[in-house]
Amino acid sequence: MQLLKSAMQQDKVEALIINRGVAVLLLTADKDYFITDGRFTNQAEQETEGLEVSAFARGSSYFARTGELVKQCGIKECGIYGEDISFADYQALTKECTGTHFVQAAPYVENLRRIKTPEEIATIRKACRISERSFYALLDVIKPGVTEIDIANELVFQLICNID
């Protein structure tokens with residue numbers, strides 16, 4: 001998150017909206033928000049350290065609530081990240097904060113994901129080792145008469161057993 005915020009600051013981006021379909025992130029210089037459906041606030045609060053969880057009201061939407069927060073924060077220019085925002089969502093967003101100018105944001109996340117840290121590389125290597133061991137163990141199970149569900153269950157078992 002810190003690398004993302006640094007890139008935003010370098011580009012003088014006041015705020016950034018990231019839409020991932022099941023939630024919306026609103027990142028600002030002062031505070032970061034995770035906007036979700038009210039049914040998921042408890043889980044979101046447990047899993048989103050450093051973000052204020054905000055649920056949209058019944059009959060509202062992710063983007064209407066995001067627009068309310070943009071207005072509340074007094075944001076004048078806001079980047080929208082992602083090409084998967086519908087026109088209806090865009091209208092809900094802009095309806096709430098008429099004084100804000102919205103722009104297409106740079107591909108910050110993709111740019112940050114291209115370069116892996118040593119920790120990320122180690123994690124990827126570990127995952128590959130676990131997968132390799134699990135699939136080799138699975139070869140003894142795959143034979144005529146064994147059901148697909150039995151093979152799937154064995155794979156899950158092997159993946160769990162092969163965690164270092």
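Predicted model: local features only at pLDDT ≥ 70, side-chain atom pairs only at ≥ 80, totals over all residues.
Residues are numbered from 1 along each chain as its sequence is written, and side-chain values use heavy atoms, with hydrogens and water left out.

**The sheet**

Select strand 2 (residues 24–28) and strand 3 (residues 32–37), which run antiparallel and are joined by four bridges. Helices (H or I, at least four residues) and strands (E, at least two) are DSSP runs, numbered from the N terminus. Two strands pair if DSSP finds at least two bridges between them. Strands of a sheet pair through backbone hydrogen bonds, either parallel or antiparallel.

Next, display the open sheet of six strands, whose order is 4-3-2-1-5-6, with mixed pairing. Strand 4 (52–56) and strand 6 (101–104) stand at the edges with a single partner strand each, so one side of each has no neighbour in the sheet. From one strand to the next, the twist averages 25°.

Select D32 and K5, whose side chains meet in a salt bridge (2.7 Å, N to O). The term requires a side-chain nitrogen of Lys or Arg within 4 Å of a carboxyl oxygen of Asp or Glu. D32 lies in strand 3 and K5 in helix 1 (residues 2–10), 27 residues apart, and the pair links distant parts of the chain. The whole structure has four salt bridges.

Select helix 3 (residues 62–73), which lies across strands including strand 1 (15–19) and runs at about 155° to strand 3. Axes are lines fitted to C-alpha atoms, for helices over the stretch in contact, and angles run from 0 to 180 degrees between N-to-C directions.

Contact, meaning heavy atoms within 4.5 Å, involves residues including F63 and K71 in helix 3 and D89 and E96 in helix 4.

**Helix 6 and helix 7**

Finally, select helix 6 (residues 118–138) and helix 7 (residues 148–161), which pack at about 140° with their axes 9 Å apart. That angle makes helix 6 oblique to helix 7. Among the residues in contact are I130 and F135 of helix 6 and L155 and L159 of helix 7.

Terms used:
Parallel < 35°, antiparallel > 145°, perpendicular 65-115°, else oblique.
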